[in-house]
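Hi,

Here is the structure I promised to pass on to you. Please have a look at it first, and then read on for my notes.

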Amino acid sequence: MPTRALITLLARKLCAAGYVKGAVVGKQGLVPNAQSCALLGWEQDTRMPAPVAHWLAGEEALMAQPWHA
């Protein structure tokens, strides 16, 4: 299947979006995000996406409930 057709097929069937957290590891361990962004010429964005904040608030509320009745 040609790449363009595959992308079109996937775009029509997208049912979820997600966020990932990654890390860069060097010889001395984890590389700070600020250092990675600077080397790549990116501006570091430290804002939390609204959907992630909403999910964390929901999880916190859920975990505050008793596990059994």
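A word on areas before the notes: accessible areas come from the Shrake-Rupley method with a 1.4 Å probe, and for residues only the protein chains shown count as cover. On that basis, the protein has an accessible surface of about 7000 Å², and carbon and sulfur atoms account for 63% of that.

Please bear in mind that this is a predicted model, in which local features need pLDDT of at least 70, side-chain atom pairs count only at pLDDT 80 or more, and totals for chains, interfaces and linings use all residues. Residues are numbered from 1 along each chain as its sequence is written, and side-chain values use heavy atoms, with hydrogens and water left out.

On confidence, pLDDT is the predictor's confidence in each residue, from 0 to 100. The protein has a mean pLDDT of 78, with 70% of its residues at 70 or more. Helix α1 (residues 3-12) has the lowest mean among the elements, 57, while strand β2 (residues 29-31) has the highest, 92. Where pLDDT is low, the predicted coordinates should not be read in detail.

Now the fold. There are 3 helices and 2 strands, taken as DSSP runs numbered from the N terminus (helices are H or I, at least four residues; strands are E, at least two). Their order from the N terminus is α-β-β-α-α.

How much of the protein counts as buried? Of its 69 residues, 3% do, where buried means under 20% relative accessible area, exposed over 50% and partly exposed in between (1.4 Å probe, protein chains only). S36, in helix α2 (residues 33-40), counts as buried because its relative accessibility is 14%. Leaving out residues up to four places away in sequence, S36 touches V24 and V31 (contact means heavy atoms within 4.5 Å).

The loop between α2 and α3 holds D45, and the structure has 1 salt bridge, a side-chain nitrogen of Lys or Arg within 4 Å of a carboxyl oxygen of Asp or Glu. R47 forms a salt bridge with D45, with 2.8 Å between the closest N and O atoms. R47 is exposed, at 65% relative accessibility, whereas D45 is partly exposed, at 48%. The C-alpha atoms of D45 and N33 lie 9.8 Å apart, the two residues being 12 residues apart along the chain.

Lastly, M48, W55 and L56 make a nonpolar surface patch of about 320 Å². Patches are made of residues with over 30% relative accessible area and no salt bridge; like charges are joined within 9 Å, and nonpolar side chains (Val, Leu, Ile, Met, Phe, Trp, Tyr) within 5 Å. L56 sits in helix α3 (residues 50-63) and is partly exposed, with 33% relative accessible area.

Best wishes
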